[in-house]
Amino acid sequence: MKSTKFLVLASLLVMGGLPMARAHAAETSDAKGAVFVMTNAAEDNQIAAYTRDDDGSLVPSGSYSTGGNGSGGTVDPLHSQGSLRLSADHRLLFAVNAGSGTVSSFSVDGSALTLVDTKPSGGSSPVAVAPAGDLLYVLNSGGNGNVSGFRVSEDGRLWPRSEEHTSELQSLRHL
């Protein structure tokens with residue numbers, strides 16, 4: 001029963017990522033947009049950035065280390081559509097690093113990224129992130145699984161929520 005309730009919560013968090021899927025578009029005033037995809041490489045997980053031409057074709061524009069490791073594999077080893085998420089205002093990008101148990105944040109400028117922060121995810125094997133205003137929730141699938149929360153500063157730095165708030169998150173598992 002407890003596992004079923006956790007799976008429902010986890011599904012809701014991951015389902016929130018469906019509209020953004022694995023690639024995210026960021027509209028900018030000087031370009032048609034940018035697309036970001038994650039390599040999930042077992043060593044040196046990276047974000048590949050592309051600009052969009054007027055005809056919709058993608059042009060590689062850079063690669064950016066997340067400061068962590070992915071889980072590796074070649075065919076969607078995370079089984080997650082929320083492993084890479086853009087903030088609602090398109091200023092920040094968040095990525096999980098399942099292999100190193102961390103989450104990373106980037107500032108976004110068109111198709112250029114700047115790594116701002118990498119923090120322990122608050123569990124093991126993070127597979128999805130869900131930004132909500134100045135909060136970021138991370139779904140960790142390892143062990144018993146959990147959801148951890150972070151406060152996100154204006155510049156994208158991540159601050160783990162206090163123990164008080166973490167216990168509130170844990171109580172969601174009992175719904």
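Biologist: Which residue in E6 does arginine 85 stand opposite?

Modeller: This is a predicted model, and in it the two strands E5 and E6 run antiparallel and are joined by three bridges. Looking across from arginine 85 into E6, the residue that stands opposite is phenylalanine 94.

Biologist: In what order do the four strands of that open sheet lie, and which of them stand at the edges?

Modeller: The pairing in this open sheet is antiparallel, and the order of its strands is E5-E6-E7-E8. The twist from one strand to the next averages 20 degrees. Two of the strands have a single partner strand each, so one side of each is left without a neighbour in the sheet, and these edge strands are E5 (84–86) and E8 (112–120).

Biologist: Which residue of the hairpin of E3 and E4 takes a positive phi?

Modeller: Strand E3, residues 46–52, pairs with strand E4, residues 58–65, in the antiparallel sense over seven bridges. Across this pairing tyrosine 50 stands opposite proline 60, while threonine 51 has valine 59 as its bridge partner. Five residues lie between the two strands, and the residue there with a positive phi, near 90 degrees, is glycine 56.

Biologist: What is the volume of the second largest pocket, and which residues are the closest to its centre?

Modeller: The volume of the second largest pocket is about 230 Å³. Its lining is made up of 16 residues, of which the closest to the centre are Ser87, Ala88, Asp89, Gly133 and Asp134.

Biologist: Which strands each supply at least two residues of that lining, and how many of the lining residues are charged?

Modeller: At least two residues of the lining of the second largest pocket come from each of two strands, E6 (92–97) and E9 (126–132). Sorted by class, the lining holds nine nonpolar and three polar residues, and the number of charged residues is four.

Biologist: How many aromatic pairs does a search of the whole structure find, and over the face of which residue does lysine 119 lie?

Modeller: A pair of aromatic rings is described by the distance of the centres and the angle of the planes. The search for such pairs, run over the whole structure, finds zero. A charge over a ring is a separate matter, and here lysine 119 lies 4.8 Å from the ring centre, over the face of tryptophan 159.

Definitions and conventions:
Residues numbered from 1 in each chain as written. Predicted model: local features only at pLDDT ≥ 70, side-chain atom pairs only at ≥ 80, totals over all residues. Heavy atoms only, no water. 1 Å grid on protein atoms, 1.4 Å probe; cavity = no way out; pocket = protein on both sides within 12 Å on 5 of 7 lines; lining within 4 Å. Points joined across faces, edges and corners; volume = space filled by probe spheres on them. Nonpolar A, V, L, I, M, F, W, Y, C, P; charged D, E, K, R; others polar. Phe/Tyr/Trp six-rings, centres within 6.5 Å; stacked < 30°, edge-to-face > 60°. Lys NZ or Arg CZ within 6 Å of the ring centre and 35° of its normal. Pairing = 2+ DSSP bridges. Axes fitted to C-alpha atoms, helices over the stretch in contact; angles between N-to-C directions.
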